[in-house]
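Thanks for making the time this morning.

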Amino acid sequence: MSEAENPILTSSLLYLDGISVSFDGYKALRGLSLVLEPGEMRAIIGPNGAGKTTMMDVITGKTRPDEGDALFDGRYDLTKLDEAEIATLGIGRKFQKPTVFENHSVEDNLLLAAKAPRSVFAGLLGREDLKVRETIDRILVTTRLKEHRARLAGSLSHGQKQWLEIGMLLAQDPKLLLVDEPVAGMTDAETEATAELLRAIACDHSVVVVEHDMGFVRELGVKVTVMHEGAVLAEGALDQVSADPRVVEVYLGR
Amino acid sequence: MSVELDRIGLAFVAVLAAAALVVPGLALATRPESAFHIPPYLVQLLGKYLCYAILAVALDLVWGYCGILSLGHGAFFALGGYAMGMYLMRQIGARGVYANPILPDFMVFLNWKALPVAWWGFNWFPYAMLMVVLVPGLLALAFGWFAFRSRVTGVYLSIITQAMTFAFYKEFFRNDFGFGGNNGLTDFKDLVGFSLQSAATKAALFSASAIALILAYLAARAIVGSKYGKALMAVRDAESRMRFLGYRVENYKLFAFVVSAVLAGVAGALYVPQVGIINPSEFAPANSIEAAIWVAVGGRGTLVGAAIGAIAVNFAKTYFTGALPEYWLYGLGGLFVLVTLFLPKGLLGLALRERETKPVVDTPAIAIEEGADR
């Protein structure tokens, strides 16, 4: 990891500059630049194919950019690290499709996510950690899954799975959370509860939320970045960007 | 399901422990005309089934719990068998046809003058036993290290494990490779001083196999019951999710793969003195596929089911290859199709389903690197 660690170059938590990615000639990202300050919550919107998920892939080490810089915490070069190393640095990710461990109980899902040594050896010989147990209990309450702790995650409703996955992110306790479309397929009541949950999380974590649902973004009430064709189109408060004629054109078509 | 499985596991261990005591008792302490007498050939046959059961438990550890469908576990089994066979060859000493005190008969026949380096030390039992675990273990370590780091998964991994065992199959056929060529190693006389022909040795080998199966089961059970085991199953179900949680997925797979290969090697080492021969046919790709069928039939991801599947299918094989030899392979193929279609959790799953009302979430037959969210 040492080769990827630099002296502190920026005070930003996440610093993306001129990131480009192409797949078989298709340019998914073209010179994307984005800066996130510590403690900030940011919503990212944009039409399908704008490159939102690819951006998350770059940040989490799943995809290597063709060019550009990606720095985390001002000194870690994300383009040189793999998924597990980046996760260990403190970047957590929630997928668009809820990805929980369906054959594990709700509790075990949180146990696997909880911040603890990740080595094979620790897994074989480790004793139960009381602090981890407390964290899990606390998160079960926060995510309203206390009654379901022994159930298999596969048997939860769609909304509960989304919350469980957010709960897993909390258990992981990363510095930065990347949340991809957390309210897709949720009822209005669930959407509202999710917004509340995310705002609570944002109190002590930095969060990036990718979302299509404008009502939900409005409810979050945070700075918005609009992406289009692999780059940033506009940035600012929601009212401000939605008044931008270029944004209107992208969303309403020409 | 786990409480139920624990009870079945306990019963399984109890039955095996009882068999380890009762079978030798009935084989040795009763007269041949008694209704309770177990003839030596049957003791040997049952011992062979138990070795297959150990191989099945080993395979289930990686397939059922980690989604690695290895179709090359026969190679680890055979390597353990060869290590034992080499020890048994050296024990023959001057009693061979050519009466050479050092060189096994096939080497004298090939006109070799000195013992190849690979054979050194195999006259010493502890060294041979070390090789039984070390050779399959190191092979699995090297193979797994390359395969899992390169993120080879699913059918691709299954295919390269087949290629691996096929490569060994070809290599061991060659006379100048130094392991007896197509005849393999045979004509064994004794094991740590006990004649392999005696009924008492056969009974002892049966008991040793039963105890080894108990230990293999308990070890595998402890592994899958630990937090490591939970993580292993999570890797099986959502590999990239585990990566994003910060787990070094390749190390998790590698550990299970190596443990599994070592167990398979031990099974092979117990198998060889009971059947009296080891030759390259043990590396045949079909053998490894058959082992996967045992696990599927018994119930993938249950350990006990895998062992039961191995014993049941081999019992059927013994019976049908005697009664209807030309139909056995069709029967085996048909059985595999039926189990895959109608009993995804195998025979044990069928038994458990009767009493369970909890929804059973289907696990993928082989873990395939899923595209996360695309």
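Let me begin with a question: among contacts in chain A between residues at least 6 apart in sequence, what percentage join residues at least 24 apart? The answer is 66%, and please keep in mind throughout that this is a predicted model.

Staying with chain A, we have ten helices and ten strands, and the C-alpha atoms fill a box of roughly 55 × 45 × 35 Å along the principal axes. A compact globule of 254 residues would have a radius of gyration near 18 Å, and chain A, at 18 Å, agrees with that. Of the 254 residues in chain A, 46% are buried.

Now to the contact between the chains, where 25 residues of chain B meet 28 residues of chain A. On the chain B side, α8 (227-237), α9 (239-244) and α10 (249-275) each supply at least two residues, and α8(B) gives the most, with seven. By class, that side of chain B has 13 nonpolar, four polar and eight charged residues.

Finally, within chain B, helix α7 (residues 199-225) packs with α10(B) at an angle of about 170°, the two axes being 10 Å apart, and the helices are therefore roughly antiparallel to each other. Among the residues that make this contact are L205(B), A208(B) and A212(B) from α7(B), together with V259(B), L263(B) and V266(B) from α10(B). Taken by class, the residues of the contact between α7(B) and α10(B) comprise ten nonpolar, two polar and no charged.

Technical notes
Residues are numbered from 1 along each chain as its sequence is written. Chains are lettered from A and ligands numbered from 1 in the order in which they are written. This is a predicted model: local features need pLDDT of at least 70, side-chain atom pairs count only at pLDDT 80 or more; totals for chains, interfaces and linings use all residues. Two residues are in contact if their C-beta atoms, placed from the backbone, lie within 7 Å. Helices (H or I, at least four residues) and strands (E, at least two) are DSSP runs, numbered from the N terminus. Ala, Val, Leu, Ile, Met, Phe, Trp, Tyr, Cys and Pro count as nonpolar, Asp, Glu, Lys and Arg as charged, and the others, Gly among them, as polar. Axes are lines fitted to C-alpha atoms, for helices over the stretch in contact, and angles run from 0 to 180 degrees between N-to-C directions. Angles under 35 degrees count as roughly parallel, over 145 as roughly antiparallel, 65 to 115 as roughly perpendicular and the rest as oblique. The radius of gyration is taken over C-alpha atoms; the globule rule is 2.2 Å times the number of residues to the power 0.38. A residue is buried if 20 or more other C-beta atoms lie within 10 Å of its own, exposed if 12 or fewer, and partly exposed in between; C-beta atoms are placed from the backbone.
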